[in-house]
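Student: I'd like to learn how to read cavities and chain contacts in a model. Can we go through a case together?

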Amino acid sequence: MEILIYGTVNSVIFALIAVGFTLVYGVSRVPNFAHGSIYVLVGFLTWSFVNDLNLNYALAIILSLAIASIIGLLIYRIVLIRLRGMATSEIIASFAVSLIILEGLRMQGIAGFKGFIGPFYVLKPFVEGKIELFGIFIDYQRLIIIGAGVALVTALSVFTHHTKIGLSLRAIAQDERAAMMLGVNSDRMAMIAMSIGSALAGLAAVAILPLGNISAEVGYRVLIYALAVCIIGGLGSWGGAILASFVIGFAMKISTALFGALWESVVLVGTIIVILLFRPSGLLGKQKELEERV
Amino acid sequence: MAYLLAPRLLLIMGLLVVPLFVDMYWQRVLCSAGIYALLALGFDFLAEYAGLVCLGGALFIGTGGYIAGLLNHYFHLPPLLTIPIATVAGAAFSTMVLIPCLRLRGIYFAIISFMFPLFAVFIIIALNVFGGTEGISALDTFPSIWLELYLILAAVLVSLFAIRRLVNENMGIILRGVKDNDQAVRASGISITGYKTRAVFIAALLGCFGGAYLSHLYGWLGLSLFAMDFSILPIAATVMGGMGSLVGPVLGAFILTPMSEALRGFGQLRVVLYCLILIAFMVYKPEGIMNYLERKYHQFEKWEEV
Amino acid sequence: MAGDSILQVKKLSKSFGGVQAIMNVSFELAKGQILGVIGPNGSGKTTLVNLITGFVKPDKGEVLFNGKDITALAPHKIANLGLTRTFQVMRPYHSLSAFKNLIVPLNSPRVKRSAAGKLGDMDAVAIDILEEVGFERDARVPYKVAGSLPLGYLKRLELGRCIAMRPELIICDEVFSGLSMSEITSLIPLLERLRMEGITMIMIEHRLRELFRLADKVVVLTFGQKIAEGLAEEVMNNQMVKEAYLGTETKA
């Protein structure tokens, strides 16, 4: 039972993290390596707003999410827009942005901007306390995570099926040329995708970070998780991403129960390698392998 | 033609002669620069000639370094043996680990190569093997600073000229073909996975040599052999120096490494700086220094004839 | 021996998503023949080529080359058996010079095997092949960067790429398309010479008049299905073929 609940929480965590990345990749085919860094940035900004500026928690969250979307937009506008189509450069550039943000945050005090001085930056959970569910104690925060996940997926679903912008995003994701012929501006859509994607990263951050610490390492870890979900689920496939989140989420929790927490990473690596060897385009991968691209 | 020869001679002479004029600290820096140069060369080769973006140079350094260090520590083999063994074995291991993603589109290679150094760190910490978080120290070092220096510089020069030869030989042509139009290569009866594997192996040889050398340079192996630095600085050096020019990345490495040393006091600011330089070049001068110079040279050449 | 069956396509089928691109297509080809494959746009001709040459795996059916089942083989292995193809969308190795484009096929296991080390200078062989397909040696055309060559030369380069493999069968995917009349007229002798050397060919084409001068027999595809097979005149008089190309009459 415990595994079921914690496994679900873990899976939703992965899903929350991966959703922003998948959105950006699906729409613009740009793998946003800066995803993890925005996650950490939002966590840090929220912490700063709450602790240094004494803002209301909710307000801090909203503010940092807004900043995150703007940053995502700027990343696209300034850097990526010139590199569209050159896959090599896109990857390198977003990777570089990621490092700038993460390593920049790692620095110690520059011009009044406090860097990470220790591992003790912690976001307080939104709601303290636990409740008992089926005989297991579970924090409210974890329930919030599940709630956030479900709400997010529903909201995104509605957004992409029923709003003009959402439909345009889907159009570009399915067939860029055709959508452009119908008047959808590919660059503008990519910018929107980047800002929503960044906001999603931020949302994931405020939901999940209270469970642990904020540090630069988390940024790399989050990026790896997002990439792992996409590889296992299939780059560009939403269903695959959700499925993969659950596969990984449960696999890791089960392995913790059986072998101990240290083997989690090994299990993750192992799953990736297995997928690459036996089903390279991912569980539900629609993007075909190299072979079939004649 | 002589104009093209002169810069090359300048480079060789420069590399061989400069070490004689600087003090020990900077000589050590040159050694580091040499390692980065090997990585940058490997990166450029893979990216421009095989179409594979390798975001994990650290994988090669770490693998080579760990194998050499472990051979030295547990089996007491001297550097003379550990370095060659680690170079080849490390390259074989790294290549095998990367093979599953060679059949797939380039982006998978980028992602996987990025993840592996970090995974290696997770696994070493989790299983607490190979010295765990503390690493292993008291490995053999080189008997003299001159050997250290000229070994790595020689390695850089040899690799540079070897790869330059390679890209004009059959293998290089096929690789460039794969990059331009892989389906046509397959229609010509050639297995592209096979050639990509060879390309990765070659780049891995360079990196693993660097790693093996590094562990004997400081006599120590640890998790820092998988540091992000080794993945990002070669990329910055390549973009700055000029992708595809092979010499450019080497040049870039010899510029960025001393610069990063000079900024050592600023801690992680260095990485931020490499990345800012990287992005600046990518956005404003994507061809990089060497390609720019070469283009200008051709322009001047045409002027003269008129 | 001429006349032996070199290629047998049996009940090939392939669908992409919900679209049935090729359905139940079968035909046979004898050595030394030239087969024409025609049909309106979208009838699945290129998919058929991809299925035969291994670039796409069929859902059902099999392909036999010289009696050997090649259905599940990878494209490069099929090419090494002597079955080569050109690409409809021209994609040379644009950063390499023209003759270096041929170095790639000259390095294939098939060529290395048959030459057994007696190939000599690969560059010279490449230039010879280019001359065979019509690149003027004196004008230094073979040395030009492939990306800068006009279409006529690129088509010849594609054929050169196939010829370099010393193939038994070449599939030409719309090799005439985009060329002017005079370019086509100058390409035909090359194709006839290849036939005289014993190379079997399949030609996917839209230019029916030129195709019928070369083809021994013709297969017609519509919406992924074979609707006719036979000699050129027979096929063109077939009612279904006419409808496929011209549409049916509407009663006024």
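Student: What volume does the second largest cavity have?

Tutor: This is a predicted model, and in it the second largest cavity comes to about 60 Å³.

Student: Which residues line the second largest cavity?

Tutor: To read a lining, look at which chain each residue belongs to. Here Ala184(B) takes part, along with Met90(C), Arg91(C), Pro92(C), Tyr93(C), Asn101(C), Leu154(C), Leu157(C), Glu158(C) and Arg161(C). Helix 6 of chain C (residues 151-163) provides the largest share, four residues. By class, the lining splits into six nonpolar, one polar and three charged residues.

Student: How many residues of chain B and chain C are in contact?

Tutor: For a contact between chains, count each side separately. Chain B brings 17 residues, and they meet 23 residues of chain C. Together the two chains bury about 1800 Å², with 60% of that on carbon and sulfur atoms. There are zero salt bridges between chain B and chain C, but three residue pairs are in polar contact.

Student: Which helix of chain B gives the most to the side that touches chain C?

Tutor: That's helix 7, with six residues. By class, this side of chain B holds six nonpolar, eight polar and three charged residues.

Student: And what about the largest cavity, what is its volume?

Tutor: About 80 Å³. Of its 14 lining residues, Leu39(B), Phe43(B), Cys54(B), Gly57(B) and Phe60(B) are closest to the centre. Helix 2 of chain B gives the most to this lining, five residues. The lining has 10 nonpolar residues, four polar and no charged ones.

Conventions
Residues numbered from 1 in each chain as written. Chains lettered and ligands numbered in written order. Predicted model: local features only at pLDDT ≥ 70, side-chain atom pairs only at ≥ 80, totals over all residues. Heavy atoms only, no water. Contact = heavy atoms within 4.5 Å. Buried area = accessible area lost by both parts, 1.4 Å probe. Salt bridge = Lys/Arg side-chain N within 4 Å of Asp/Glu carboxyl O. Polar contact = N/O pair within 3.5 Å; in protein donor to acceptor, adjacent residues only side chain to side chain. Helix = DSSP H or I, 4+ residues; strand = E, 2+ residues; numbered from the N terminus. Nonpolar A, V, L, I, M, F, W, Y, C, P; charged D, E, K, R; others polar. 1 Å grid on protein atoms, 1.4 Å probe; cavity = no way out; pocket = protein on both sides within 12 Å on 5 of 7 lines; lining within 4 Å. Points joined across faces, edges and corners; volume = space filled by probe spheres on them.
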